[in-house]
Amino acid sequence: MAREPTPTILLADDQADVREALRLLLKAEGIASMGVADPAAALEAVRRREFACALIDCNYSRDTTSGEEGLALLEQLRQAAPDLPVVAMTAWGNVPLTVEAMRRGAADFVEKPWDNARLLSVLRAQVALADGARKQRRLEAENALLRGEAGEDFIAESPAMRRVLALVERIAPSDANVLVLGENGTGKGVVAQLLHRRSTRAAHSLVKVNMGGIAESVFESEMFGHVRGAYTDAKSERIGRFELADGGTLFLDEVGNVPASQQPKLLRVLEDGEFERLGSSRTQKIDVRLVSATNADLQAEVAAGRFRKDLLYRLNTLEVRLPPLRERAEDILPLARAFLARNAHRYGRDGLRLAPSAERALAGWRWPGNVRELQHLMERAALLAEHDEVGAAALAFGESTAQPAADLDGMTLEQAEAHLVQRALERFDGNLQRAADALGITRQSLYRRLEKHDLRDAGGDAD
């Protein structure tokens, strides 16, 4: 279950009895604290971990009353942790010092000896304000990312998918990492959403990231974030994907594409739940449930030395294998109807339905692009169908990879071969090499078939 972070307040004062009195006061209110005796220790603590607020004395050397040490520390804290609220405290409080502390970035000011009720009120207010600002920044960052959408209907009428659904329902409530395997377009992202919605983390974020779309040069910044000034163009701080997913689920799609040089950094987060933003030495802790997906054979990648075996073990505590659409025939028509209805509503064409000829064509196709191919085909049908009843001919309109099997009905093997060769030539504007590659044959084999079916004039320049 996702944990709620415990706010910790940094106490900086050179007097041990003052630090202890403050610690006991905060402890009685259920607030954690950490005490340090001087500015150097305060700066080191802030660089190493995150605090909800800092309460600092303004004088540290004996017989000093100017407050300059505290003001200098205040400025250094603002540079090291710009979002940390700092409350200044001194026994020599006066109006000019208070004004100067506020000018340099103090969130509030408390005089010694302090009033317990006021001190607690000030600290609680600053912690709440900082938390609200942090959540706002996180929300803005989340809105800029591809996040889990409202759940799609999970259609599972075939025995193969019923077994998958039963497994997902069984493992979703756990916090174990899950690796989802399957061909491209089989619905790995939908399974990740379902795992999140059925988990104890459903009230928190599902953050999705395509690992194949992240350049190695920005991997750390994208995944772990960076602080201002971490590199030349880092003009502001950035919240990384792990931090955004804290308390929720992080979905790493195409995880087999993680660069080898970055795999140890990903492994460390999975093992320890700790990371540092790029350019910062402050360690942050996160609580994330990881769901990964790939169509690659990770065992083969491990054997080839391109993927770490220990990282694979961390990713696939539990494993879900999705069958291709051709192995779940009972789901093809229910999925097609659902996709058609959704897209018909989207494009203002409610009432569209599949004709028997279209259903036969859909059921007979092998679906090399799996569910994604079916989804795209139904979107085109919703846009291009001339009548409320979508026939097989409408499915073949345009540059569809899903050429309906109904077009081949009644053909002999020779006729079907000629038809497929002709289609490939049309798709690639007569380019023989590309047509041969698409058909899975050599260029010489394509030449023989062109002569065999008298299609020699159909091909253009092969180069």
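Is tryptophan 367 buried or exposed, and what is its relative accessible area? Tryptophan 367 is buried, with a relative accessible area of 1%; buried here means under 20%, exposed over 50% and partly exposed in between, using a 1.4 Å probe and protein chains only.

A word before the views: this is a predicted model, where local features need pLDDT of at least 70, side-chain atom pairs count only at pLDDT 80 or more, and totals for chains, interfaces and linings use all residues. Residues are numbered from 1 along each chain as its sequence is written, and side-chain values use heavy atoms, with hydrogens and water left out.

**View A. Tryptophan 367 has a positive phi.** Phi of tryptophan 367 is near 55 degrees, in a residue other than glycine. Look for tryptophan 367 in the loop between helix H14 (356–364) and helix H15 (370–384). Helices (H or I, at least four residues) and strands (E, at least two) are DSSP runs, numbered from the N terminus.

**View B. Glutamate 254 has a positive phi near 55 degrees.** Glutamate 254 lies in the loop between strand S8 (249–253) and helix H10 (263–272). This glutamate 254 is buried, with a relative accessible area of 17%.

**View C. Phe219, Phe224, Phe242 and Phe275 make up one aromatic cluster.** Three aromatic pairs turn up in a search of the whole structure. Rings of Phe, Tyr and Trp (its six-membered ring) pair if their centres lie within 6.5 Å; planes under 30 degrees apart count as stacked, over 60 as edge-to-face and the rest as tilted. With centres 6.4 Å apart and planes at 80 degrees, the rings of phenylalanine 219 and phenylalanine 224 are therefore edge-to-face. Phenylalanine 224 and phenylalanine 242 are stacked instead, at 5.7 Å centre to centre and 20 degrees between the planes. Phenylalanine 224 sits in helix H8 (residues 219–224) and phenylalanine 242 in helix H9 (residues 241–244), so their pair ties together parts 18 residues apart in sequence. Both phenylalanine 224 and phenylalanine 242 are buried.

**View D. Helix H17 (residues 413–427) crosses helix H18 (residues 432–439).** Their axes come within 8 Å and cross at roughly 130 degrees. Axes are lines fitted to C-alpha atoms, for helices over the stretch in contact, with angles from 0 to 180 degrees between N-to-C directions. Touching residues (contact means heavy atoms within 4.5 Å) are Leu420, Val421, Ala424 and Leu425 of H17 and Leu432, Ala435 and Leu439 of H18.

**View E. Lysine 112 and proline 113 are joined by a cis peptide bond.** Omega is about -10 degrees. Proline 113 belongs to the loop between strand S5 (108–111) and helix H5 (116–143).
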